[in-house]
Amino acid sequence: MMIINILGLLLIGLIVWWFWLYKPREVIVSEGAITVMVEDGTYQPSRIKLAAGEPATIRFMRKDASPCAGTVLFSDFDVSEELPLNQFKSIVLPAMEKGEYAFSCQMQMYRGTLLVE
Amino acid sequence: MNQITPDQQAGHAKCHQDGEQPSANSASQELIIEGASCASCVGKIEAALNNVSGVEKAEVNFAQRTATVLGSVNSGDLIKAVEKAGYNAKVQEDGSEQDSLDEKEQADWAYYKRLMREMTIALTLGIPLMAYSVIVGEMTVTSNTERVVWLVIGLLTLGVMLFSGKHFFVGAWKSFTNHSANMDTLIALGTGTAWLYSMVVVFFPYAVPEMARHVYFEATAMIIGLIDLGLALEIKARGRTSEAIKRLIGLQAKTARVIRDDKEIDILIEQVLLNDKVRVRPGERIPVDGVVLDGHTSVDESMLTGEPMPVEKKQDDEVVGGTINKTGSIVFKATRVGKDTALAQIIGMVKRAQNSKPPIGRLADAISAYFVPVVMIIAVVSALTWLNLGPDPAIAFAIVSATTVLIIACPCALGLATPMSVMVGVGKAAEAGVLIRNGEALQTSSKITAMILDKTGTITLGSPKVTNIHLAHAESEEDVLRLAASLEAGSEHPLAVSIVESATERDLSLDKVEQFSAIAGHGVEGFVGEQQLLFGNEKLMRDKNISVDDYVDVAQKMAEEAKTPMYFAADGKLAAIIAVADPIKNDSISAIKRLQKNGIRVVMLTGDNRATAKAVADKVGISEFFAEVLPEQKAEKVAELQMQNEIVGMTGDGINDAPALALANVGFAIGTGTDVAIESADITLMRGSLHGLADAIAVSKATLRNIKQNLFGAFIYNVAGVPFAAGVLYPFFGLLLSPVIAGAAMAFSSLTVVSNANRLRFFKAQEH
C-alpha cells in the first residue's frame with residue numbers, strides 16, 4: 001500500500017510539473033509573421049516569442065470543426081476574431097510592450113502565450 | 001460626425017482574411033478577368049492596367065484568368081481600364097458576410113452530423129450493455145466463458161472509442177504533449193481508465209480481488225455517446241445564439257441597380273463603386289449608403305434604428321444600406337460602399353462586442369486555466385483515499401470514483417457561461433438599435449446609478465426655432481433678425497442655426513460681418529458696417545456694460561416658458577430679446593420616467609440659463625439639473641457625480657461632449673441611424689429616442705443576470721459534483737455516483753448553459 005501511495009503522490013507531482021511548472025520552448029516569430037494551427041484542442045505553436053515595439057502578424061489556420069475552436073481572443077488588446085474552418089485568417093497585433101500576453105478560445109480550452117521581449 | 005474606423009474599434013489591431021482586398025489604396029489587388037479567350041489578350045490587358053496611374057506592376061495569369069496588380073490604386077479604375085480594353089473584370093472578393101455565414105453553418109452542420117453518427121454508434125453498444133447491467137445485475141468476470149464474452153465486448157468498446165471518441169483521445173494526447181490539458185483530457189482519462197481496468201479484469205482476473213472483478217465497458221461507451229450527444233445539441237443551441245447577427249447580415253441587399261453611361265444595370269452589391277448612381281424602386285432594399293439625388297420617398301429604417309415610423313427622404317437626404325424603400329422611386333449617389341457602409345460597420349461592431357468578455361468572466365477564465373490539472377489531482381487523491389480507507393473491493397471503488405471525478409468535471413460550462421450570454425445580449429441590444437462597444441460597457445451599464453442627460457439634442461429635438469422677438473430699442477423685428485442672423489451665419493451652434501433659418505424663412509438677406517469673434521459660453525460679437533453688434537446671454541451684456549435691467553423680467557418670463565432668451569445689442573444699447581425654443585422629443589418624458597422607475601438618478605445638463613433649464617426639467621420630470629454649463633465643464637459635472645460614489649452614465653450627441661462621454665463610466669451617444677459608431681461612446685443609440693437608454697440598461701441588466709445564473713450554475717455544478725463523484729457522501733449515506741450518470745450530467749451541463757443564454761432571446765427590450 002505504501003508503494004501505491006508513493007506512486008500516487010509522485011503522479012500528483014508529475015501533474016503539477018508537467019502542466020504548470022514546465023514551460024515548453026517558444027517559437028520565435030521571424031519577419032513579423034507566423035502560422036498557428038488550431039487543431040485537436042491545441043494551438044501549435046502555443047508559445048510565441050515576439051519582439052517588443054513591433055507589430056506582428058499571426059496567421060491562424062483552424063482545422064478543428066468544434067465550435068470551441070471558432071473564436072480566438074487576445075483579451076489584453078480587446079481583439080476577438082472568428083476563425084473560419086480550413087482557411088487562413090491573419091490577425092495583425094499592434095506593437096506591444098514587453099511582457100506575457102495570453103490568447104485563448106472563448107472557453108479557455110485552447111490556450112497560448114505571446115512572449116514579448 | 002466622426003466615424004470610428006474598424007482599426008480603432010479593434011483596439012488598434014486589425015484583422016483580415018487572407019486574400020481580402022480593400023477597394024482602394026491596397027498594395028496588391030486581385031482581379032478576375034472575363035472575356036479573355038486567347039493568350040494574346042494578356043499583353044493587351046497588362047498594358048491597359050499598367051497605364052492606370054498609381055499602378056506599379058500588373059501581371060495577368062491567363063490560365064487562372066486573374067490579374068495581380070501592385071500599387072496604390074482604386075479597384076474601380078482598374079476595372080474601367082480593363083473594360084476599356086474590351087474585357088470585363090471584377091474584384092476578387094473574399095466572399096460576403098452572407099457567404100462566410102453560410103460556410104460556417106455548413107461546417108457546423110457537418111460537424112453536428114458527424115457527432116450524431118458517432119453518438120449513435122456509441123449508444124448502440126452502450127444502451128444494451130447498460131440495460132443488461134440494470135436488468136441482469138453485476139457485470140463481473142467469474143468464469144472463462146465470461147472472460148471470452150467480455151473480451152469481445154471490450155474489443156467492441158475499443159472500436160467505439162476509436163470511432164466515436166477518437167477526437168477526445170487525439171485532443172487529449174496533443175494537449176498533453178503541449179503541456180496543457182482540456183476537456184478532452186478529462187474524458188479520455190476517465191473513459192480510458194474504465195476501459196483499461198476492465199481489460200485488466202478480463203485478462204488477469206486473479207490479479208484483482210474477487211469482489212472487484214467488474215467490467216465498466218458500458219460506462220465507457222455510454223459516456224462517449226452522451227458527451228457526443230451533448231456536443232451535438234450544443235452546436236444547435238449555439239447556432240441560435242447568433243440569430244441577431246444573422247438577421248443583420250440578412251439585411252444586406254444582394255444586387256443593386258446602378259446607372260452607368262445612362263443605362264440602368266443590375267450588378268452584384270460588391271461591384272457598386274463610390275459615386276455610382278443607384279436607383280431604388282418601391283419595396284426594394286437600399287443597397288449601399290448614399291445621398292438622394294432625385295426623387296422622394298419614405299424609408300423604413302426600423303431594422304437598423306429600432307425606430308418604427310418610416311422616415312421621409314428627399315433630395316440631399318442620407319439613405320442607409322439595408323433599409324427598405326417604401327413608397328417612391330429614388331436615385332441616390334453611393335457615398336459608402338463595401339465594408340464602409342453603416343450596416344457593415346454595425347455588423348463588425350456587433351461581432352466584435354459579441355466576442356468580447358466583460359470583467360465578470362475573468363474569474364471563470366482564471367479558474368478554467370487551472371481547472372483540469374486540479375481535477376486530475378482530485379481524481380488521484382480520491383483513488384488513494386478509497387484504496388487506503390475504503391471498504392472492499394477498494395480497488396473497484398477507487399477506479400469508479402477516479403473515473404467519475406474525471407468525467408463529471410465540466411470546464412466547458414464555466415468557460416461558456418459568460419460568452420454565450422454576451423453573444424445573445426449584445427445581439428438583442430443591436431436589434432433594439434443599441435450598439436454596445438464591448439463586454440465591459442455591457443457590464444458597467446447594468447450598474448449605472450446616475451444618468452446625466454445633455455438637454456439639447458438628447459431630451460429635446462436639437463432643432464430650436466425662434467418663437468418671440470421682444471423689441472427693446474430696435475424698431476423692427478426684421479432689422480433685428482437680419483442683423484442677428486448675419487452675425488450668427490458662421491456659427492454651427494444649434495441656436496445660431498435657428499436664427500439664420502428664421503431669417504431665411506422671412507426672405508431676409510444677410511449682411512457682411514467684420515471682426516467677428518465668439519466668446520465661448522457667452523455669445524458672439526462683430527461689426528456690420530459701423531454698427532457694433534453683440535448677441536448672447538445676460539452675462540455678455542453685463543460684461544460689455546449694456547443695461548438690461550428693464551428687460552430681465554421679460555427674459556425671465558420667456559425662460560419660465562422653457563424658451564431660451566438671447567440678448568441682442570447694437571451700438572451699446574439693447575435692441576431686442578430673441579427667444580428660441582427647442583421642442584421636447586415626444587417620448588422623452590416617458591423614457592425619463594422609465595429610467596427613474598429603475599432607481600436611476602436622472603440629472604439634466606445644459607448651457608442654458610437656470611430658468612429655461614428649470615422649465616424644461618420640470619416639464620420632463622427631472623428634479624436635478626446643471627444649468628449654464630460651458631462645454632468644457634461637462635466632464636467636471638460627470639466627475640462631480642462620480643465623487644458622490646455614483647456610477648455615472650452620460651448621454652450626449654457625441655460631438656462636443658466627447659470628454660464627458662469618455663470620463664463617464666458609460667458614455668451613451670445618441671445617433672441618427674447613420675452615425676453608427678461614435679468614437680467616444682461606449683454605447684451608441686441608433687435612434688434619437690431616450691427609450692434606447694432604458695432599453696440598453698434593461699438589456700445589460702438582463703444579460704448580467706443571465707451570466708450570473710450561468711456562472712453560479714457552473715460553479716455549483718462543479719463544486720458539488722466533483723466531491724460527490726469522489727464519494728464524500730458514501731460514509732454517511734452509502735451514495736456513490738455512477739460514471740454513466742456523471743457522463744450525462746457533464747454532457748448536459750454545458751448544454752444547460754447555452755440554453756439558459758438562449759432564454760435571453762425572448763427578452764423584450766421595449767417597455768414603453
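This is a predicted model: local features need pLDDT of at least 70, side-chain atom pairs count only at pLDDT 80 or more; totals for chains, interfaces and linings use all residues.
B:Glu118 is buried, its relative accessible area being 7%. Side chains of opposite charge can pair when their charged atoms come close.

Pair within helix 4
- B:Glu118 forms a salt bridge with B:Arg114, and 3.2 Å separates the closest N and O atoms.
- Both B:Arg114 and B:Glu118 belong to helix 4 (residues 97-135) of chain B, where they are four residues apart, about one turn of the helix.
- B:Arg114 counts as partly exposed because its relative accessibility is 30%, whereas B:Glu118 is buried.

Pair between distant parts of the chain
- B:Glu477 and B:Arg506 form a salt bridge, with the closest N and O atoms 3.3 Å apart.
- This pair links distant parts of the chain, 29 residues apart: B:Glu477 is in helix 17 (residues 477-488), and B:Arg506 is in the loop between helix 18 (494-505) and strand 18 (514-519) of chain B.
- B:Glu477 is partly exposed at 30% relative accessibility, and B:Arg506 is partly exposed at 33%.

Pair B:Lys557 and B:Glu561
- A salt bridge joins B:Lys557 to B:Glu561, the closest N and O atoms being 3.4 Å apart.
- B:Lys557 has a relative accessible area of 53% and is therefore exposed, since exposed means over 50%.
- B:Glu561, with a relative accessible area of 35%, is partly exposed.

Network
- A network of salt bridges links B:Glu243, B:Arg247, B:Lys428, B:Glu431 and B:Arg761.

Definitions and conventions
Residues are numbered from 1 along each chain as its sequence is written. Chains are lettered from A and ligands numbered from 1 in the order in which they are written. Side-chain values use heavy atoms; hydrogens and water are left out. A salt bridge is a side-chain nitrogen of Lys or Arg within 4 Å of a carboxyl oxygen of Asp or Glu. Helices (H or I, at least four residues) and strands (E, at least two) are DSSP runs, numbered from the N terminus. Buried means under 20% relative accessible area, exposed over 50%, partly exposed in between (1.4 Å probe, protein chains only).
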